[in-house]
Amino acid sequence: MFSSAQFDWSLGGPLGGPSLLETAAAVNAKVNAPNEPFIWFLQTFITLFVIMNVVLLTMAYQTWAERKVIAFCQLRYGPKRTGPSGLLQPIADAVKMLTKEFIVPQEADRFVFFIAPLLGFVPAVAAFAIVPWGDANTEGLFGDWIRPVVANLNIGILYMLALSSVGVYGIVMAGYSSGNKYSMLGSLRSSAQVVSYELTLGLSLMGVLIQAGSLNLNDIVLQQKATIWYFIPQFVGFVCYFVSGIAETNRNPFDLPEAESELVAGFHLEYSGMSFGLFYLAEYINMNAIAVVAATLFFGGWAAPASFLEFIPGPLWLFAKFAFFLFLYYWIRSTLPRFRYDQLMGLVWKVIFPIVLANLVITAVVKIVGIQLGWWA
Amino acid sequence: MPLEAFNLAYLSVVIFTIVIAVAGASLLVLGILFRPSKPSAMKSIPYESGVPPVGRARERYSVRFYIIAMLFVLFDIEAVFLYPWAINFDGFVRRGDGVFILVEMLIFIFILLLGYAYAWKKGALDWVS
Amino acid sequence: MALEQLVFLVFALLAIVTSLGLVIFKDPVHCALSLVFAFANIAGVYILLGAEFIAAIQVLVYSGAILVLFLFVMMLLQVRPGPSLNRLRFFQSGFGPVLGVAFLVEVVLVVLTSGFVLNGGNITKPNNTQAAKMQAGVEYSVSVNVIQAAGPLTIQGKADGIQPNTVGHTAALGKELYSTYLFPFEVASIILLIAAIGAIVIARRSLVSDEEEDHPKRRGISLGSVPAQGSLQAFEVERQTSQSQRRKEAKKRTVILKK
């Protein structure tokens with residue numbers, strides 16, 4: 001198999017610096033940093049395998065939770081036939097999608113039609129690579145076999161925004177390749193909506209960046225742990241982020257692209273079977289990513305709200321905050337009616353955009369004044 | 001942070017992306033084993049709520065989509081300038097250059113807001129006029 | 001073989017292949033899709049050079065914004081696959097190769113003046129990624145030293161144990177941009193302003209014509225079923241209708257002949 005001799009890691013350091021693994025070990029201050037590339041690869045694979053499965057399972061059971069919560073709001077039962085209180089429903093759905101026929105419409109651009117679901121799915125899951133569920137500077141579970149984060153990137157937030165902007169291609173390509181005018185119109189509407197809200201999604205995080213002085217998600221969590229959860233000083237930014245996030249993921253009340261009464265089903269109208277399933281997965285995983293990043297950036301991520309609660313492990317805290325945001329999604333979905341398209345575009349360009357710019361300037365001014373007057377160190 | 005340390009993090013991102021792509025593709029392909037495949041001419045007609053389709057799908061669409069995309073590109077580039085500014089802000093303030101860096105960004109934002117105001121005034125932000 | 005060289009080779013080869021796809025594919029949407037992958041691979045090369053911020057921007061702005069704009073314009077104009085724009089043919093076949101050769105010469109010059117020299121006149125053995133990395137490493141470490149000399153840039157927080165991970169490429173770049181390169185930064189905003197106004201002025205004409213649906217003198221991007229007089233679309237429609245008429249006449253003729 002691999003050995004150090006075959007992989008010349010020492011070449012990595014410029015100007016005769018330390019090798020890749022030595023540097024990584026030093027930076028992460030890990031107790032038993034692996035000395036073998038093979039072990040590093042194995043750990044990476046185990047970590048990302050676990051993270052990927054957690055993401056997919058969460059998504060599956062989130063659909064169940066969504067149905068239950070909305071049913072509760074509407075005084076219904078929700079799924080209850082498959083398994084105890086419908087707990088096997090997600091599995092039944094998966095089996096159904098796998099066994100449905102894959103129909104290619106006659107005017108479709110076959111290759112693009114086939115890969116468009118992947119273009120939506122891959123960026124959605126890849127966003128979870130940067131979310132820390134424990135302190136990324138410490139050792140993970142089982143002697144670091146499951147790391148606290150897949151990749152502790154310095155440009156974490158930019159990575160997330162870049163992925164969500166690349167996710168547009170799934171929508172555009174699905175609409176284009178279907179050869180159906182409803183799909184086409186749905187995809188144009190959807191992509192215009194996604195790019196507009198993408199802008200405010202990024203800008204609403206500026207206040208957090210000014211306060212934390214870092215793009216690294218783990219650093220931002222540590223800052224919040226040391227000072228205050230950012231949803232208190234950045235409440236306006238948080239609201240703008242969450243509204244933009246709902247619109248960015250095409251959820252109610254901003255689910256215009258799939259407005260059943262106007263566009264049949266929007267950009268994935270012609271998709272069936274597992275290809276449709278991947279769009280469905282991507283939509284929910286995108287929604288989860290927005291929720292988990294909101295929990296990380298505004299609600300302290302894996303950090304406990306108070307020091308006496310620290311005996312509860314970080315992943316549970318992250319999951320609790322994440323579940324809160326999901327509940328917020330369901331609540332909003334079952335309460336608010338759908339927007340009109342002109343209202344939707346007016347909201348982002350005429351309301352949220354000026355607000356996030358004002359929020360940015362006000363945060364900067366308060367920061368200068370606060371440091372001058374010595375409010376905080 | 002030394003130069004090389006993050007390369008391993010990016011390597012794991014690349015591996016992660018590849019694994020996801022393989023998993024997604026296998027989900028698509030695996031279905032062949034289970035699903036029926038009985039194509040027919042009627043099935044592959046573009047779906048328009050059961051009515052025979054009228055006209056072509058590749059029609060021309062409203063120019064407003066173009067305007068939105070153009071404005072998005074411009075303000076996205078503005079946002080790109082803001083990220084390094086925001087994370088350096090604290091350092092500048094602590095070295096006593098806070099007002100300087102704030103004013104320079106205010107000038108930048110103001111010039112861009114002129115374009116925003118122009119777009120608003122000319123109705124480029126209104127979807128229905 | 002070192003891992004980084006392997007990764008570089010993969011990214012570089014994929015970038016070349018997808019760029020070729022951009023040129024070769026006939027359907028413009030396929031070309032755009034190919035370009036998305038090319039940008040992603042170029043971002044990978046940037047990361048190998050240590051420029052993580054530039055890599056993120058490459059994906060965020062080029063793949064995420066500018067190519068979306070391209071796609072919207074393609075769908076707006078309904079650019080057709082294949083050589084439908086006959087008028088451009090001479091321009092493409094005459095001027096294109098000249099430009100191509102010029103770019104090739106430029107690339108060769110760049111390679112000869114940077115990588116070649118850094119490798120100590122040896123272009124094959126310690127390959128170019130190493131040279132580029134060394135160059136990037138030197139510049140990078142210089143800028144980091146500048147920052148550290150000027151005092152800590154990032155907030156350390158009240159709590160102990162916070163790792164100062166944030167002195168990365170982004171912070172270094174921002175510090176330079178907002179102090180040394182202040183004037184180009186402000187000029188960039190004016191360029192963006194000009195682009196915004198220009199886009200609205202050009203698009204507004206067709207916005208106006210959108211409202212006056214039956215106006216006879218529509219120009220620019222056409223929205224209705226009838227393209228603007230004298231535009232490329234009108235030319236295309238005319239060509240197709242004349243072709244179909246000719247075909248019909250030919251059919252008639254054959255029918256008559258058979259009789």
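Analyst: The account below begins with chain A and then turns to the other chains.

This is a predicted model, in which local features need pLDDT of at least 70 and side-chain atom pairs count only at pLDDT 80 or more, while totals for chains, interfaces and linings use all residues. Residues are numbered from 1 along each chain as its sequence is written, and chains are lettered from A and ligands numbered from 1 in the order in which they are written.

Chain A contains 15 helices and zero strands; helices (H or I, at least four residues) and strands (E, at least two) are DSSP runs, numbered from the N terminus. Of the 377 residues in chain A, 55% are buried. A residue is called buried if 20 or more other C-beta atoms lie within 10 Å of its own, exposed if 12 or fewer, and partly exposed in between, with C-beta atoms placed from the backbone. Contacts in chain A with a separation of 6 or more come, in 75% of cases, from residues 24 or more positions apart; two residues are in contact if their C-beta atoms, placed from the backbone, lie within 7 Å.

Confidence is expressed as pLDDT, the predictor's confidence in each residue, from 0 to 100. Its mean over chain A is 81, and 86% of the residues of chain A reach 70 or more. Within chain A, confidence is highest in H11(A), at 92, and lowest in helix H1 (residues 20-28), at a mean of 44. Residues 1-34 of chain A have pLDDT below 50, although this stretch has 59 contacts in the model beyond near neighbours in sequence. Where pLDDT is low, the predicted coordinates should not be read in detail.

Helix H10 (residues 217-226) of chain A is mostly covered, with nine of its ten residues buried. Among them are Leu217(A), Ile220(A), Val221(A) and Leu222(A), and also Asp219(A) and Lys225(A). The buried residues of H10(A) pack against helix H6 (156-166), H9 and H13 of chain A. The loop between H9 and H10 of chain A holds Gly213(A), which counts as buried because it has 25 C-beta neighbours inside 10 Å.

Most residues other than glycine have a negative phi. Ser85(A), however, has a positive phi near 40° and is placed in the loop between helix H2 (37-73) and helix H3 (89-98) of chain A. Ser85(A) counts as partly exposed because it has 14 C-beta neighbours inside 10 Å. Asn250(A) likewise is not a glycine and has a positive phi, of about 60°; its place is in the loop between helix H11 (235-248) and helix H12 (260-263) of chain A. Asn250(A) counts as buried because 23 C-beta neighbours lie inside 10 Å.

The contact between chain A and chain B takes 72 residues from chain A and 62 residues from chain B. On the side of chain A, the elements that give two or more residues include H1, H2, helix H4 (110-126), helix H8 (181-203) and helix H13 (273-298). H15(A) gives the most, with 13 residues. The residues on this side divide into 46 nonpolar, 18 polar and eight charged, where Ala, Val, Leu, Ile, Met, Phe, Trp, Tyr, Cys and Pro count as nonpolar, Asp, Glu, Lys and Arg as charged, and the others, Gly among them, as polar. Chain B itself is divided into domain 1 (1-36) and domain 2 (61-129), with bounds that come from an automatic or database domain assignment. The C-alpha centres of these two domains of chain B lie 35 Å apart.

Chain C has nine helices and zero strands. Buried residues form 27% of its 259 residues, and 44% of contacts in chain C between residues at least 6 apart in sequence join residues at least 24 apart. The axes of helix H2 (residues 28-48) and helix H3 (residues 52-77) of chain C come within 8 Å and cross at roughly 175°. Axes are lines fitted to C-alpha atoms, for helices over the stretch in contact, and angles run from 0 to 180 degrees between N-to-C directions. H2(C) and H3(C) are therefore roughly antiparallel to each other, a term for angles over 145 degrees. Residues of H2(C) that meet H3(C) include Leu35(C), Phe39(C) and Ile42(C), and those of H3(C) include Val59(C), Tyr62(C) and Phe70(C). The residues of this contact divide into 19 nonpolar, two polar and one charged.

Methods
Angles under 35 degrees count as roughly parallel, over 145 as roughly antiparallel, 65 to 115 as roughly perpendicular and the rest as oblique.
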